[in-house]
Amino acid sequence: YRDCHTGCVERGRMTLQSTGTPPVSESAAFKPTKLGVVFANPERDWHGRSGWDVEVTYATLAGEAYWGIDDLAVRVHQARQKGLRVLVRVDYAQGQAIPPTEDYLALTEYLQYLRRLARDERLRDVYAYFLGSSYNSLGSNSQARDNSVTPGWYARVFNGYGTDVSHADNAIQTMQAENAVVRVLVGPVSPWNTDQNGTRRYEIDVPWLNYANTLVAALDAGARAKAEVGIPFAAPDGFALLAPGAPELVGSVEANEPRIDLRREGWGDAQAGFRVYRDWLDIVNAYPTTHGLPVYITSTNTFTTDEEVPPAQNYPRGWLTTALSVVDGEPQVQALCWFLDYFPHDTQWQHFSLTRRQGRMLDVAEELDTLLANEGESR
């Protein structure tokens with residue numbers, strides 16, 4: 001490769017020894033599944049399934065170990081060798097999902113990193129990138145708590161909403177200039193979070209849905225404004241979603257929670273559990289340029305937010321099977337990814353980890369393995 005400081009470009013290649021194994025793209029051995037994980041263990045047996053792997057990288061840590069571009073390229077290669085489709089979440093910095101509102105220096109740094117990702121030949125097999133996560137929460141705005149990412153600013157970063165339509169200093173045009181077939185997804189809004197609201201009220205008037213509704217309306221307006229002057233492909237290629245479960249609200253049939261409409265007093269008709277994905281779908285499908293776009297559940301588990309009970313303590317056996325059955329009936333939903341599989345660098349996520357198998361995580365790990373081995377045989 002050459003010019004890796006701006007995104008590796010292939011200089012040439014040489015085969016030292018042939019293994020006789022066809023490239024992943026030419027192999028018919030992998031059968032698709034909607035099942036996936038965050039931070040896939042490279043040793044996981046996917047039983048011949050082409051599942052999903054969610055990876056994370058940070059613009060301000062581009063040269064650092066693990067979170068930077070070189071280690072990301074290694075993980076993408078390992079995942080593709082397993083037949084996995086890789087979704088890469090691109091944050092600005094740790095604790096700061098998207099450049100702070102109207103911080104144009106941070107925006108420039110972020111766009112430079114997105115350009116580098118799109119240009120890097122080692123990452124050409126990335127299925128899609130999604131920009132940030134939970135940016136409506138204070139926890140994802142740690143560098144600018146008094147200047148949190150607004151829906152309008154996110155849309156401005158994503159496709160130039162609210163700026164001169166001739167300007168290309170936005171994520172989707174920056175990445176497409178380097179890689180015309182790159183997929184760019186909208187990062188997920190955090191459900192049940194009241195840190196920010198939105199000015200465009202949704203039919204269910206709660207902060208997280210108002211925020212999402214305002215955001216999607218802005219993205220739609222930005223894409224239509226570009227299209228009117230002959231600039232195509234400014235709409236998102238899809239949406240990443242967060243859809244945690246809430247089995248603690250169900251009672252004696254916790255494993256069936258993904259099928260159950262859950263309401264909380266004061267939330268009206270807003271979903272309070274896994275079926276929040278349906279609220280997100282309603283908003284995505286309400287606007288012309290986003291209607292029908294694919295969505296990807298990039299994080300799900302049974303963490304109880306109110307009491308902070310992890311899945312290792314509260315997971316009801318059979319919950320993942322039910323959730324998969326539900327999304328298998330939703331053609332717009334492409335992926336269902338458990339948070340998380342394997343993170344060996346510290347222990348903060350050990351009670352969520354499929355690999356560590358602590359407490360009831362043993363049940364989740366066995367269930368995932370069974371689903372991958374038997375998927376399609378009994379359904």
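This is a predicted model: local features need pLDDT of at least 70, side-chain atom pairs count only at pLDDT 80 or more; totals for chains, interfaces and linings use all residues.

Let's start with H9, which runs over residues 361–374. That's 14 residues, and from first C-alpha to last the helix reaches 20 Å, close to the 20 Å expected at 1.5 Å a residue. Now, which residues of H9 are buried? They're Met361, Val364, Ala365, Glu367, Leu368, Leu371 and Leu372. Looking down the axis of H9, those buried residues fall within an arc of 165 degrees, so they line one face of the helix.

Okay, cores. The largest nonpolar core has 95 residues, and the ones touching the most other members are Ile98, Leu131, Tyr135, Phe274 and Leu320. Helix H5, residues 207–228, gives this core its largest share, 9 residues. There's also a second, separate core of 21 residues, with Val54, Val56, Leu87 and Phe343 among them.

Skipping its neighbours within four places in sequence, Leu320 is in contact with Val364, Glu367, Leu368 and Leu371, among others. Its contacts also include Leu35, Leu336 and Trp338.

Now the helix pair, H3 and H5. They pack at about 35 degrees with axes 8 Å apart, and the crossing is right-handed. On the H3 side you've got Pro151, Tyr154, Ala155, Phe158 and Asn159. Those meet a set in H5 that includes Tyr211, Leu215, Leu219 and Lys226.

Phe158 is buried, with a relative accessible area of 0%. Beyond four places in sequence, Phe158 touches Leu131, Ile172, Val184, Leu219 and Pro236, among others.

The other one is Arg156, which also sits in H3. Is arginine 156 buried or exposed? Buried: its relative accessible area is 7%, and the cut-off for buried is under 20%. Again leaving out neighbours within four places, Arg156 is in contact with Tyr104, Leu107, Tyr161, Thr163, Asp169 and Asn170. Asn170 is also one of the residues that Phe158 touches.

That's it from me.

Note on methods: Residues are numbered from 1 along each chain as its sequence is written. Side-chain values use heavy atoms; hydrogens and water are left out. Helices (H or I, at least four residues) and strands (E, at least two) are DSSP runs, numbered from the N terminus. The expected span of a helix is 1.5 Å times one less than its number of residues. Buried means under 20% relative accessible area, exposed over 50%, partly exposed in between (1.4 Å probe, protein chains only). The arc is that of the directions from the helix axis to the C-beta atoms. A nonpolar core is a set of buried Ala, Val, Leu, Ile, Met, Phe, Trp, Tyr and Cys residues joined through side-chain atoms within 4.5 Å. Contact means heavy atoms within 4.5 Å. Axes are lines fitted to C-alpha atoms, for helices over the stretch in contact, and angles run from 0 to 180 degrees between N-to-C directions. A crossing is left-handed if the near helix is turned anticlockwise from the far one by less than a right angle, and right-handed if clockwise.
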